[in-house]
Amino acid sequence: MLPSGPKDFISRLVSNRWLAFGLLSVFLAALPFAVEAIAGLTWVRIIGFAILYAMLALGLNIVVGFAGLLDLGYIAFYAVGAYTYALLSSPHFGIHLPFWLVMPASAALACLFGVLLGAPTLRLRGDYLAIVTLGFGEIIRIFLNNLNAPVNITNGPQGINMIDPISVAGFDMSRPSFGGAVPGVYNYYYLFLAFAMLIIFVSLRLQDSRIGRAWVAIREDEVAAEAMGINIRNIKLLAFAMGASFGGVSGSLFAGFQGFVSPESFGLMESVMILCMIVLGGMGNIAGVITGAVVLSILPEALRYLGPLEEFLFGRVLVDPADLRMLLFGFALVAMMLFRPAGIVPSARRQDELRPEPAIASQEQASLFDTSD
């Protein structure tokens, strides 16, 4: 049967998940070529970092969005994964382990640190939990900054350089491929995209699983969840562990991609930025979290062009682009909280929670008096 009109035809195309998946795959595969042609190779690297931030945001979304546990020290797990890769694949200790060994080690060590953070905070909620996790993140950064004496472990504030690039099946991802036609940054883009797809798949499975529903129950009402037989302790620890492991994977990819790590890359503002990605995109919604991560990682880089634009219009730079970026970033967050508090792509549950009570009451009253079949 043929579609009755253009709208019906479009709706059938949209409802076809395989077609949508195919179109999305083609778009993501061609994206770096289009970006380089329009904006240059630097922006392909920026997109790679945007994918890393999306993986970090998905990990934090498990803790904050699913389980409702406010974590302000999530960047610590990112640092653990990055330094694990740096110490096991660099001349610092003279160890050069392959990527397929270092990656699981980074995820496992970050998972262990997640359990170590979650264990003392099982009875904490709200502001108290936020303060403890904030302190944990700063402790990790300070340790990395000072573990250069009496035994030089992290090389202190100088960081670790000359980190081995990621190598998969003997292929160096930093080198151009296909006879030099495809730059190395393209290889990293596709590698990051593959890991992001894996993390998205795991997040979707967790969201629809029994564990995911237990996390949501704890977020909604911890006392009621415990009364229903949910093991609060184990479920919370699992949330911290799963979120931390995602951070460890992202950190190891970052170290191999960047070739250098230092404590400056893992400050408090990074944790705040990742949390803002979740809030801005849509807390608890995987598509919204990815959207928020992409927007907040690409928008500040785009605003760097304000400096040359000011010079062109006024002959000099009136406002430092760095200051203006943070100002516009703050305005964007305030505007989102005022006009779309559930996020850019909110989840249905989140929208119901933030819906005004009179509107809900009026809908319930209307349904009571609705006698139509």
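**Figure 1. Met 162, an exposed residue with positive phi.** Met 162 counts as exposed, at 60% relative accessibility. The model shown here and in the other views is predicted. Phi of Met 162 is near 55°, a positive value in a residue that is not glycine. Most residues other than glycine have a negative phi. Met 162 belongs to the loop between H6 and S3.

**Figure 2. The cis peptide bond from Ala 149 to Pro 150.** The bond from Ala 149 to Pro 150 is cis. Its omega is near -5°. Most peptide bonds are trans. Pro 150 sits in the loop that runs between H6 and strand S3 (167–168). Met 162 also lies in the loop between H6 and S3.

**Figure 3. Ala 169, between two strands.** Ala 169 is found in the loop between S3 and strand S4 (171–172). Its phi is positive, about 55°, although Ala 169 is not a glycine. Ala 169 counts as exposed because its relative accessibility is 83%, and the cut-off for exposed is over 50%.

**Figure 4. Helix H4 crossing helix H10.** Helix H4 spans residues 75–88 and helix H10 residues 232–258. Their axes come within 6 Å. They cross at roughly 45°. H4 and H10 are therefore oblique to each other. The crossing of the two helices is right-handed. H4 contributes Phe 77, Tyr 78, Gly 81, Ala 82 and Tyr 85 to the contact. From H10, the contact residues include Ala 244, Gly 247, Gly 248, Ser 250 and Gly 251. Ser 252, Phe 254, Ala 255 and Gly 256 of H10 also take part. The contact of H4 with H10 holds 7 nonpolar residues, 7 polar residues and no charged ones.

**Figure 5. Helix H3 against helix H11.** Helix H3 covers residues 41–66, and helix H11 covers residues 268–281. The two pack at an angle of about 75°, and their axes are 9 Å apart. That angle makes H3 roughly perpendicular to H11. On the H3 side, the contact is made by Tyr 53, Leu 56, Ala 57, Leu 60, Asn 61 and Val 64. They meet Glu 270, Ile 274, Leu 275, Met 277 and Ile 278 of H11. By class, the contact of H3 with H11 divides into 9 nonpolar residues, 1 polar and 1 charged.

Figure 6. The structure holds 5 salt bridges. Side chains of opposite charge can pair when their charged atoms come close. In one of the 5, the side chain of Glu 222 meets that of Arg 125, at 3.5 Å from N to O. Glu 222 lies in helix H9 (residues 222–227). Arg 125 is in the loop between helix H5 (99–118) and helix H6 (126–146). The pair therefore ties together parts that are 97 residues apart in sequence. Glu 222 is buried, with a relative accessible area of 12%. Arg 125 is partly exposed, at 49%. Lys 236 and Glu 222 form a salt bridge too, at 3.2 Å from N to O. That pair links distant parts of the chain, with Lys 236 in helix H10 and Glu 222 in helix H9, 14 residues apart. Lys 236 is buried, with a relative accessible area of 2%. Through shared partners, salt bridges join Arg 125, Glu 222 and Lys 236 into one network.

Figure 7. The side chains of Glu 138 and Arg 141 meet at 2.9 Å, N to O. Both residues lie in H6, 3 residues apart, so about one helical turn separates them. Glu 138 counts as partly exposed, at 22% relative accessibility. Arg 141 is partly exposed as well, with a relative accessible area of 25%.

**Figure 8. The surroundings of Asn 187.** Asn 187 lies in helix H7 (residues 184–207). Asn 187 is buried, with a relative accessible area of 9%. Neighbours within four places in sequence are left aside here. Beyond them, Asn 187 is in contact with Phe 171, Met 173, Arg 175, Ser 177 and Val 182. Phe 171 falls in strand S4 (171–172).

How values were computed:
Residues numbered from 1 in each chain as written. Predicted model: local features only at pLDDT ≥ 70, side-chain atom pairs only at ≥ 80, totals over all residues. Heavy atoms only, no water. Axes fitted to C-alpha atoms, helices over the stretch in contact; angles between N-to-C directions. Helix = DSSP H or I, 4+ residues; strand = E, 2+ residues; numbered from the N terminus. Parallel < 35°, antiparallel > 145°, perpendicular 65-115°, else oblique. Left-handed = near helix turned anticlockwise from the far one by under 90°. Contact = heavy atoms within 4.5 Å. Nonpolar A, V, L, I, M, F, W, Y, C, P; charged D, E, K, R; others polar. Buried < 20%, exposed > 50% of the residue type's maximum accessible area, 1.4 Å probe, protein only. Salt bridge = Lys/Arg side-chain N within 4 Å of Asp/Glu carboxyl O.
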